[in-house]
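This report is meant for a reader meeting the structure for the first time. Please look over the sequence and the model shown here before reading on.

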Amino acid sequence: MKTIADLYIQLWIIPITKGELLRILRPEELHTLIGLSAYIDKSGRCNPSLRTLKTILGLNDIGSVSRRIKKLESIQYEGEPVLKVERSREPNEKGILVYAKNKYVLNQAIVTIFAKNANSSSKRIRQMEEL
């Protein structure tokens with residue numbers, strides 16, 4: 001079974017070199033995208049809390065995280081949002097619907113995860129040597 005220590009974040013080269021990703025994302029948006037990517041699964045989904053994101057991004061308030069996420073939602077890469085947010089509501093103890101924890105889907109043309117194994121590691125080394 002793979003553990004979190006066996007997983008790596010993969011930022012694809014094409015969006016950077018040919019897709020102008022660094023031109024369309026400001027540094028704080030890329031910072032937030034990388035922070036979110038630390039929690040993604042193989043389908044690009046994650047659901048860290050705003051409080052967790054605030055902490056790992058080194059921000060002072062949750063409002064700053066929310067603004068960054070909203071901005072990432074509005075940015076398109078190849079016709080798809082860089083980040084999709086699935087918002088839901090759940091009843092609280094009084095039965096009133098309140099916002100529940102957001103679920104995020106990162107654009108997998110930009111960032112994915114992979115697990116280290118002997119075959120993929122040696123293949124990546126060969127690919128780097130060819131560059």
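## Two crossing helices

In this predicted model, the axes of helix α3 (residues 27-37) and helix α5 come within 10 Å and cross at roughly 95 degrees. Since angles of 65 to 115 degrees count as roughly perpendicular, α3 is therefore described as roughly perpendicular to α5.

The meeting of the two helices can be followed residue by residue: on the α3 side it involves E28, E29, H31, T32, L33 and L36, and on the α5 side R68, I69, K71 and L72.

## R68 in helix α5

R68 belongs to helix α5, which covers residues 62-74. Once neighbours within four places in sequence are set aside, R68 is in contact with E28, H31, T32, L57 and L59.

R68 is buried and yet has no salt bridge, the nearest side chain of opposite charge being that of E28, 5.6 Å away. A salt bridge would need a side-chain nitrogen of Lys or Arg within 4 Å of a carboxyl oxygen of Asp or Glu.

Strand β2 is joined by 2 bridges to β8 (residues 103-106), and the two run antiparallel; R45 stands opposite V105 in β8.

Definitions and conventions: Residues numbered from 1 in each chain as written. Predicted model: local features only at pLDDT ≥ 70, side-chain atom pairs only at ≥ 80, totals over all residues. Heavy atoms only, no water. Helix = DSSP H or I, 4+ residues; strand = E, 2+ residues; numbered from the N terminus. Buried < 20%, exposed > 50% of the residue type's maximum accessible area, 1.4 Å probe, protein only. Lys, Arg positive; Asp, Glu negative; His and termini not counted. Contact = heavy atoms within 4.5 Å. Pairing = 2+ DSSP bridges. Axes fitted to C-alpha atoms, helices over the stretch in contact; angles between N-to-C directions. Parallel < 35°, antiparallel > 145°, perpendicular 65-115°, else oblique.
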